[in-house]
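I am keeping these notes while I look through the structure shown below, and I write down each thing as I look it up.

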Amino acid sequence: MYTTSLSNEQQALVLRTWSRLIPSSAEFTDRFYHRLFAAHPDVAQLFGGTDMARQGSRLAHAIDAVVNAMPRLDEMTPILAELGRRHVGYGVRHGDYDAVGAALLETLAEFLGEEWNPEVESAWLTVYTHVSGIMRQAAVAPLRAAG
Ligand code: HEM
């Protein structure tokens with residue numbers, strides 16, 4: 001079982017900072033993908049045929065779902081595992097999750113400005129590590145089962 005300890009304080013920081021970003025979530029996800037593709041041009045190829053406006057809104061909804069589920073994050077495990085398995089089909093590799101995590105934190109820092117600090121960073125990193133950990137684990141599980 002994959003568990004992460006996310007303190008009440010960390011949950012409050014993530015909830016508060018995400019609420020600030022919701023009104024500009026389209027700009028936020030635009031900027032996130034821009035940063036990701038600038039740093040990792042190979043990753044951009046995975047989105048070759050993708051409608052990026054639609055993708056941005058799906059990502060914003062996924063973040064929103066996770067943020068709102070924080071008090072009972074374990075209940076999201078099956079959904080996140082399924083999301084991770086779908087990502088194998090999209091051509092996503094293990095290491096790509098680090099690239100996405102870095103771009104996410106950088107974009108959060110950019111949009112939050114003075115509200116960004118080590119505590120906020122650590123709270124978001126904990127959430128991202130939890131979510132991406134489940135997705136990654138689900139992605140490799142079938143390979144393990146196949147021996
Ligand atoms: C916490 C991490 C992530 C979350 C929450 C997330 C979320 C999503 C969501 C909600 C979708 C829509 C389709 C679906 O639900 O299956 C999607 C599609 C996709 N994601 Fe992610 N993702 C994550 C990590 C990644 C990473 C690391 C990559 C690789 C760089 C990636 C690449 C893609 C691609 C290529 C698609 C398909 C786009 C298309 O439909 O053309 N994602 N992601």
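I first settle my classes: Ala, Val, Leu, Ile, Met, Phe, Trp, Tyr, Cys and Pro count as nonpolar, Asp, Glu, Lys and Arg as charged, and the others, Gly among them, as polar. I note that this is a predicted model, in which local features need pLDDT of at least 70 and side-chain atom pairs count only at pLDDT 80 or more, while totals for chains, interfaces and linings use all residues. Residues are numbered from 1 along each chain as its sequence is written.

**Entry: the ligand.** I looked up the shell around the ligand and found that its residues divide into twelve nonpolar, four polar and three charged. Of the 19 residues around the ligand, I noted L46, T50, Y90, D96 and V100 as those that come nearest (a residue is near if its C-beta atom, placed from the backbone, lies within 6 Å of the molecule). Among the helices (DSSP runs of H or I, at least four residues, numbered from the N terminus), α4 (52-69) gives the most to this shell, with four residues.

**Entry: α2 and α4.** I then turned to α2 and α4, which pack at an angle of about 110° with their axes 9 Å apart (axes are lines fitted to C-alpha atoms over the stretch in contact, and angles run from 0 to 180 degrees between N-to-C directions). That makes α2 roughly perpendicular to α4, a label that covers 65 to 115 degrees. The contact (C-beta atoms within 7 Å) is made by S25, A26, T29, D30 and Y33 of α2 and by M52, G56, L59 and A60 of α4.

**Entry: F32.** Leaving aside its neighbours within four places in sequence, I find F32 in contact with A103, L104 and T107.

Terms used. Helices (H or I, at least four residues) and strands (E, at least two) are DSSP runs, numbered from the N terminus. Two residues are in contact if their C-beta atoms, placed from the backbone, lie within 7 Å. Angles under 35 degrees count as roughly parallel, over 145 as roughly antiparallel, 65 to 115 as roughly perpendicular and the rest as oblique.
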